[in-house]
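Q: Hey, I'm new to this one. Can you walk me through it?
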Amino acid sequence: MASDFPDIRVRVPASTANLGPGFDAFGMALTVYNEFMLRTAESGLHITIAGEGENELAGNEDNLFVRAFTRVFAEVGQTPPAFHLHMKNCIPLYRGLGSSASAAVGGLVAANHLLGNTLSHDRLLQLACDIEGHPDNVAAALFGGLIVCVAEGGDMPAYARVPVPPDLHAVVCVPDQHLPTELARSVVPQEVSLGDAVYNVSHAALLLTGIMRADEECIRAGMSDRLHQPYRATIFPAMTPIMEAALGAGACGSALSGAGSSILALTFRNPDAIADAMVKAAHDHDSPARSLVLSCAEEGACVEPH
């Protein structure tokens, strides 16, 4: 490719993983976005960051977007061009809403676009899984919608998209406190009982059925989990009260978003009242928070002229 290129903007949605019982398998894109604006430069790498993480994220080659961008060029044996990158981040950082997945997917999609879309979406997903370690958030960020994704070793992940009713709201309570992913993973046991495994398989199936049928009772019954949330509640005491507040205000179901600390609630009605109840419960349990009233983002990462 030429060393200079037309200005582009890559927009990538946030994502929520697990939805309760779908541990490391379910991911849903959400309607809040990070944007990555690229323009050609005479030399070097120049990064500016606005919004979430502007004082925390790396402004050099260690930036996750840049690492993913470079990975695609290495994949095809080419040297990446010099460029200016401006990141406009609206996805809360370190809150279980796929901010790192958005950066990885954004870098992959931007580089692939500049290379004439040489790599397939399946290959981009495989690279994203290599970078992120798990398919749930990256698959949702790449494809949009609600994705069930299974990755086994280095094999190509198998995935399927599940239709989501257009009137299903995703209410997110975002605590000021973040829950380190490493800590959240460390408290989850490596082995579980047969009973808990069966519980999650059956509830995950019921949850997907409920979403496809817009059946509130199935969603409410299906969104329970025994594999990770009970253990994570021990290090995040406000989690259960926030989830209970969401259900008490009329949500179909509620779950920890990814590894947290955000809490997700699904509802077909009264999303603002549910958001208020969740934020109040968070404050009442010494975990100040804000809320986002969102929906499922049907479109994944996309490239537009800038």
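Q: Is Cys90 buried or exposed, or something in between?
A: Cys90 is partly exposed, at 38% relative accessibility. Buried means under 20% relative accessible area, exposed over 50%, and partly exposed in between (1.4 Å probe, protein chains only). Keep in mind that this is a predicted model: local features need pLDDT of at least 70, side-chain atom pairs count only at pLDDT 80 or more, and totals for chains, interfaces and linings use all residues. Residues are numbered from 1 along each chain as its sequence is written, and side-chain values use heavy atoms, without hydrogens and water.

Q: How many disulfides are there?
A: Zero, counting a disulfide as a pair of cysteine sulfur atoms within 2.5 Å. For Cys90, the nearest cysteine sulfur belongs to Cys302 and is 14 Å away.

Q: And which cysteine sulfur is closest to that of Cys149?
A: That of Cys129, at 5.5 Å, which is too far for a bond. Cys149 is buried, with 1% relative accessibility.

Q: OK, new topic: what's the strand order in the four-stranded open sheet?
A: The order is β8-β9-β7-β10, with antiparallel pairing. Strands here are DSSP runs (E, at least two residues), numbered from the N terminus, and two of them pair if DSSP finds at least two bridges between them.

Q: Which ones are the edge strands?
A: β8 (253-256) and β10 (289-295), each pairing on one side only.

Q: What about β7 and β9, how many bridges do they have?
A: Five, between residues 169-175 of β7 and 263-267 of β9. Val171 has Ala265 in β9 as its bridge partner.
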